[in-house]
Amino acid sequence: MATSEARRSSRRRALLGRLAIPLLAIFTALIVASLAMVLSGTDPIKAYLALAEGAFGSQVARVETLIKATPFLLAGLAIALAFRGGLFNIGVEGQLFVGSAVTVFIGYSVELPAAIHIPLALLGGMIGGAVWAGIPGYLKARNGAHEVITTIMFNFIALRIISWAIGVGGPLRAPRTVVPETPAVFESARLPILIPDSRLHAGVIIAVIAAFVVYWLLWRTVTGFELRTVGANPNAARYAGINVEFNIVRTMALSGALAGLSGGIQVLGLAPYTFTTGFNVGLGFDSIAVAVLGSIHPFGVALAALLFGAMDAGARLMQLRTKVPIDVVTIVQGLILAFVAADQIIRRLYRIRTETEEGPVSLSQSWGGGS
Amino acid sequence: MSEPVLRLVGISKRFPGVLANDNVDFELAPGEIHALLGENGAGKTTLMNVVYGLYKQDEGQIFIDGRQVEIHDPNDALARGIGMVHQHFMLVPVMTVTENMMLGHETTRGLRLGLLSDLDPDRVAEEIKALGDKHGLSIDPEAYVRDLSVGEEQRVEIVKALYRGAEVLILDEPTAVLTPQEAEDLFSIMRSLIAEGKSIIFITHKLKEVLVIADRITVLRDGRVVGTTEPSKTTEAELAAMMVGREVILQVEKGPAAPGEAVLEVQDLQVRDLREQMAIRGVSFTVRAGEIFGIAGVQGNGQAELVEALTGLTPVEGGHIFMNGQETTHLRPRAITETGIAHVPEDRHKHGLVLVYPLDENLVLQTYYLPPFAKRTFLQPKEVRENAIRLIQEFDVRTPSVRTHAGSLSGGNQQKVIVARELSRDIRLLIANQPTRGLDVGSIEFIHRRIVEKRDEGVGVLLVSSELDEILGLSDRIAVMYAGEILAVMPAEEATKERLGLLMAGVREAPDSIAAD
Ligand SMILES: Nc1ncnc2c1ncn2[C@@H]1O[C@H](COP(=O)(O)OP(=O)(O)OP(=O)(O)O)[C@@H](O)[C@H]1O
Ligand SMILES: [Mg+2]
C-alpha cells in the first residue's frame, strides 16, 4: 500500500494530467486564432491584451466577467451533470427558455415579500426546466428515443411556444410594448445587488453554491452514486440493482432544473428584468463547450465558465481597440471546444500518451445508445 | 538457435505505486510458441503492452530481428510485424468483420492517403477469407461482430492481426473465454501459423495447455522473470509453484455436504435470449442450503440466460423461480439481491465492475445505499474505504491503493474484486458464473476454498462453469445443460469426465439412468 505521501503526490500528478489537456487546448486555440488575426493584419498580442483588460482591468470589467460567467456556470453544470449520467442534454437551451419564462411569470404576476418571492420564482423556473428535460428523459427511458434528437426537438418546441406566448396577444406579452417581451418582474423578485451601483447580482453566489451542491450530490450522495453508475456502465448499474430507467428521467430532470435556474437568474438579476425571445440565445449550446472544457467536473466547469465569461466581457474592448470583430471570441471558444473534444489532436501535438490510470469519461458514450 | 525475432532486455515499467515489470529479459525464437505464465498482476499483459507500443517502458530495450527499435504505438508495432489479441477484445460490435478490418487500416494509413480510396471492401473481404481458409480460421467477412460468439470474435482478432502483416502474434489469455473445443481449434490454428514461420507469445493460466502447446515457458512473478523452462522438463505442480512461490493444492479439499432446505427452486423455466429465441426451454431444479450445485455445459447452451433470469437481469417468459421460499420470478434485480443472493457475473467488464470507478466504490456496488456505507442519502466515504481495505487484504487483491481505478487492475485482480464483494455479503444463495475465469492457480485454489467455506456455513451455491475440472472438483450435485435444457442431474460421485462430456455434447442417456432430483 502506498504511503500517504506517495498518494498525495500521485493525486497531484493526476490533477496536473487532468488540467493539461484543457490548458493546452486553450493555448492552441489562442494561437490558431492569432494566426487568423495576423493574416487580417492585426497584432494578436495587442488584441489579447485588450481582451484581458476588458475582462479584468477594472472593477466594472471584473463585475461584467462575473455576470457573464454566471449563466455559463449554471448551464455548464446542467450539461456536466447529464454527461455524468451518460446523457447528452442538448436541450439546455430550451430548458433555459422554459425556466426563464416560468420565473418571469411568477416574478411579475404576484407581489410577495422578497424572501419568498425570489426563491419561489427561481424554484418555478427550475421545475419548468426539469419538466422540459424530464419529458425527453422519459421518452428515452420508456421507448429508447435518443435524448439528443428529442431534446433538440424540444428546443424548437420551447422556442415556438414562447414566441407565441410573448407575441402579439400572447398570454405573457407585456401590455403596450412594440417588441415582444414580458412585463418586468416586481422589485420584490429582483436579485439583490452585491456591490452598490454595479450590476453584480446575487446570482453569482447562487451559481457558485450550485457548483458545490452538484459536486456534493455527485460524489457524496446515494443519488449521485446511482447517477454516475448509470452513466459509467448501465449494465453494471442494472446488475447493482439500480433502476436505470428511473435514473435517466431523474438525471434529465436535475439537469433541466439547473438549466432553468440559469435562465431564471438572468431574468431576476439583470435589467430590464423581462424576458424576450432574443434573450441569451445560444447560451445552452456554448455551455456544452464550458462543460467539456471543464472536464465535466463542477469545479472545472466553474473555471471554464469564468474563462468564457471573461472572453465575452472583454470582447467589446478588444473590438474597440484593435478592430478585431467580437466574433473572433466565438471562434476561439469554438476552437477550444474542438480541441478539448478531439483531445487526440492535442495529445498528438504535445506528445501526451494516453496511459494514465484515470479513465477519462468518454463523451461519445451517450451516442452509442447506451441503455 | 537462430537469431530471436523478438528480444527484450532489462524491461522495467512503473505505474503509480507499482513496479509492473522489473528488469525483464525475454526471447522469442522464430517459429516458436513461447508461453508466458505468472500470477495475476505479475506483469504479463503490461510486458506485452510495452512490446505492442501501448506503454512506453521506463527502462530497457526491444530488439526485433536483432535490431534495436522504439515502438511508439500499436501502428508502429504492426508495421514491425507485431500483432496482439487482447485479453478483452477491441472490436466494434455494430460493424461487420470486414469493416472492423478496414477500421484498423484506415487509422494506419487513412490520414496520409487523404481518402480511403485503396479500401475496396470486396477485396478486403476476399483477402480475409483467403487468410482465414489458409489457417483454418473460418470466418464470415459479412457477419456483424455483435452476432459472433466469443470464439469467432477471437478468430477475427487473429485474422485482423495477420491481415496487417503480423509475424509475431501475442495472444493474451485467449483460452480463458473459449470452450474446450474452441481451444482445440485455436491450438491447431496456432500450429498452422508456426508452420508458416510465425512466432507466438501465448499467455494463459491453464497449465495443462502450456504443457501441450508451448515450446518454451517463461514464468513471471512480481514483475520479475523467475525462470524459463520447457514442457518436457517440468510438471503442472512445478509450474504452479514457480508462479506462486509456494506449493499449490490443485485438488479441492472438501468434506461431505449437509444439504438443508431449498434456497433456490426453479420450475419449468423458460427464457428468451436477446434475439428472441428460446434459450431456456423448461428447466427445473433445486439448490439446497449447504450444497454446491454445479451446472456443466459448453458455453452458449443457455447458462448465461439462466443466470440472468435468476438474477432479474433478463425477463422470464414462463415458469417460476423461488428463492429462500419467496417467489422472485418477476422481481427487479434489487429485490432479488435483497432476498440474500450474491451473483458473480460471467462478464466482469459488462456487469461486474464499473471500470472507471475506484476499487472502494466497486466494492459497494450493491450495498452503497445501505448502512454503514450510506446514512440516509449520504455516502460514508470512510466506511466505504475501510470496507475496501479489509476486502483487498482478505482476498489478496494486488493494487497500489483502494482508490485505484478497477480498469487499471490486472484481469485476474479485477475478478478477485468481484468475488470479494459477492462473498463478503451476508447471503443465503451464491450464484457464480465462471467465478475463476482468468485467475491464476493460487487464486483459484483460494476462491474454491472460500466457496466451499460458504457451503459449509449453509449457503446454497449455484456454480456455472465450462471448466469440467472446476465442476467436478467443487460440486456436490451436477447438472448438465445442453441447448437450453438440463439433460441430467447426478450426484458428484456418479459423474465422470466421460459421462459429462457426452452429455455436454447433447448425447442423451437412457431414461432409467437419469438420477432423480
Ligand atoms: N494502466 C495501468 N495503470 C496502473 N497500473 C496498472 C496499469 N496496468 C497494469 N497495472 C498494474 O500493473 C501490474 C501488472 O498488471 P498486468 O495487467 O500486467 O498483470 P497480468 O500479469 O497480466 O495479470 P492477469 O493474469 O491478472 O491478467 C498490476 O499490479 C496492475 O495493477
Ligand atoms: Mg493480464
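Author: In this predicted model, the side chains of Arg428(B) and Glu261(B) meet in a salt bridge, with 3.1 Å from N to O. Arg428(B) belongs to the loop between helix H14 (411-423) and strand S19 (429-433) of chain B, whereas Glu261(B) belongs to the loop between helix H8 (236-244) and strand S11 (262-272) of chain B, so the pair ties together parts that are 167 residues apart in sequence. Both partners fall in the middle class of accessibility: Arg428(B) is partly exposed, its relative accessible area being 36%, and Glu261(B) is partly exposed at 45%.

Elsewhere, salt bridges with shared partners join Lys134(B), Glu167(B), Glu196(B) and Lys198(B) into one network. Within that group, Glu196(B) pairs with Lys134(B), and their closest N and O atoms are 3.4 Å apart. Here Glu196(B) sits in the loop between helix H6 (180-195) and strand S8 (199-203) of chain B and Lys134(B) in helix H4 (residues 121-134) of chain B, so this pair links parts that are 62 residues apart in sequence. Glu196(B) is partly exposed, with a relative accessible area of 39%.

Over all chains, the structure holds 39 salt bridges. One of them is in chain A, where Glu187(A) and Arg190(A) bring their closest N and O atoms to 3.7 Å. Glu187(A) counts as exposed at 60% relative accessibility, while Arg190(A) is partly exposed at 22%.

Salt bridges also occur between the chains. Two are found across the interface of chain A and chain B, and a salt bridge joins the side chains of Arg228(A) and Glu361(B), with 3.0 Å from N to O. The contact between the chains draws 30 residues from chain A and 44 residues from chain B. Together the two chains bury about 3200 Å² between them, of which 54% is on carbon and sulfur atoms.

Between domain 1 and domain 2 of chain A the count of salt bridges is zero. The domains bury about 1300 Å² between them, 77% of it on carbon and sulfur atoms. Ile326(A), Val329(A) and Gln333(A) supply 38% of the area that domain 1 of chain A buries against domain 2 of chain A, more than any other three residues.

Helix H6 of chain A may be examined next. It runs over residues 147-166, has 20 residues, and reaches 28 Å from its first C-alpha to its last, close to the 28 Å expected at 1.5 Å a residue. Its buried residues are Glu147(A), Val148(A), Thr150(A), Thr151(A), Phe154(A), Asn155(A), Ala158(A), Ile162(A), Ala165(A) and Ile166(A). Viewed down the axis of H6(A), these buried residues fall within an arc of 155°, so they line one face of the helix. In general, an α-helix has 3.6 residues a turn, so residues three or four places apart point the same way. The cover over the buried residues of H6(A) includes helix H4 (92-109), helix H5 (114-143), helix H10 (244-269) and helix H11 (283-293) of chain A. On the other side of H6(A), Ile149(A), Phe156(A), Arg160(A) and Trp164(A) are exposed. For Arg160(A) the relative accessible area is 57%. The C-alpha atoms of Arg160(A) and Thr277(A), 117 residues apart along the chain, are separated by 9.6 Å.

Most residues other than glycine have a negative phi, and most peptide bonds are trans. A cis peptide bond joins Ala271(A) and Pro272(A), with omega about 5°, and Pro272(A) lies in the loop between H10 and H11 of chain A. Tyr273(A) is also placed in the loop between H10 and H11 of chain A; its phi is near 55°, a positive value in a residue other than glycine, and at 14% relative accessibility this tyrosine counts as buried. Ile296(A), in the loop between H11 and helix H12 (298-322) of chain A, has a positive phi of about 40° although it is not a glycine. Ile296(A) is buried, with a relative accessible area of 4%. In chain B, a cis peptide bond joins Pro371(B) and Pro372(B), with omega about 5°; Pro372(B) is in the loop between helix H12 (359-362) and strand S17 (374-375) of chain B.

How values were computed: Residues numbered from 1 in each chain as written. Chains lettered and ligands numbered in written order. Predicted model: local features only at pLDDT ≥ 70, side-chain atom pairs only at ≥ 80, totals over all residues. Heavy atoms only, no water. Helix = DSSP H or I, 4+ residues; strand = E, 2+ residues; numbered from the N terminus. Expected span 1.5 Å × (residues − 1). Buried < 20%, exposed > 50% of the residue type's maximum accessible area, 1.4 Å probe, protein only. Arc of directions from axis to C-beta. Contact = heavy atoms within 4.5 Å. Buried area = accessible area lost by both parts, 1.4 Å probe. Salt bridge = Lys/Arg side-chain N within 4 Å of Asp/Glu carboxyl O.
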